[in-house]
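Hi,

Here is the structure I promised to pass on. Have a look at it first, and then read my notes below.

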Amino acid sequence: MKKHNYYITFICLLLFSTGVFAQGKMNKERIELLKISFITEEINLSPEEAQQFWPVYNKYNDRIHKARLELERGIQRDIKNSGGIDNLTDRQSDDMIKRILELEESISSNKIKMTKELGAVISSKKIIKLQRAEREFNRRMLQEYGKRRKMN
């Protein structure tokens, strides 16, 4: 039965993602719905668990996402605005390293807090399954995005 559910989830993911990518841009809300469906199925959340799980997950996932965006885009923007890495002063470089470490620490800290809070809601095995499901979802979405880019 589990294998059957896996195929249904995968088919739904492909059907939904086709519509998402066919528009020429990713629709964040639809991708979030796909992610919720995929994770719920992969870690086998009961309705009671899901009710407690998603508010905790979303709170920390939003914080982690914002820190990653700042780490990836914000730092790159600052480097570009300075005329490139070679044009950074020692002071700017030191400040940037400090900011990078603060963002990395924020990501790590929020992952730890999320894991601890989720431990009160779901089992440790489901937390491990969650980490695997997140990686798998991201991998599939990147593969689908790559296929769509090649077609255009």
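First, some ground rules. This is a predicted model, where local features need pLDDT of at least 70, side-chain atom pairs count only at pLDDT 80 or more, and totals for chains, interfaces and linings use all residues. Residues are numbered from 1 along each chain as its sequence is written, and side-chain values use heavy atoms, with hydrogens and water left out.

The protein chain has five helices and zero strands, so the pattern along the sequence reads α-α-α-α-α (helices are DSSP runs of H or I with at least four residues, strands are runs of E with at least two, numbered from the N terminus). Of the 152 residues, 30% are buried, meaning under 20% relative accessible area with a 1.4 Å probe, protein chains only. The accessible surface is about 10700 Å², and carbon and sulfur atoms account for 54% of that (Shrake-Rupley method, 1.4 Å probe). Taking contacts (heavy atoms within 4.5 Å) between residues at least 6 apart in sequence, 70% join residues at least 24 apart.

Now to helix α3, residues 47-81. How does α2 cross it? The axes of α2 (residues 28-42) and α3 come within 13 Å and cross at roughly 125°; axes are lines fitted to C-alpha atoms over the stretch in contact, and angles run from 0 to 180 degrees between N-to-C directions. The two helices are therefore oblique to each other (under 35 degrees is roughly parallel, over 145 roughly antiparallel, 65 to 115 roughly perpendicular, and the rest oblique). On the α2 side, Lys 35, Ile 36, Ile 39 and Thr 40 meet Phe 53, Trp 54, Tyr 57 and Asn 61 of α3. By class, that contact has five nonpolar, two polar and one charged residues (Ala, Val, Leu, Ile, Met, Phe, Trp, Tyr, Cys and Pro count as nonpolar, Asp, Glu, Lys and Arg as charged, the others, Gly among them, as polar).

α3 also packs on α5 (residues 124-151), at about 55° with the axes 14 Å apart, and this pair is therefore oblique too. Glu 49, Phe 53, Tyr 57 and Asn 61 of α3 make the contact with Lys 126, Leu 130 and Glu 134 of α5.

Is Glu 49 buried or exposed? Glu 49 is buried, with a relative accessible area of 17%. Beyond its neighbours within four places in sequence, Glu 49 is in contact with Asn 44, Val 121, Ile 122 and Lys 126.

Cheers

Definitions and conventions: Buried < 20%, exposed > 50% of the residue type's maximum accessible area, 1.4 Å probe, protein only.
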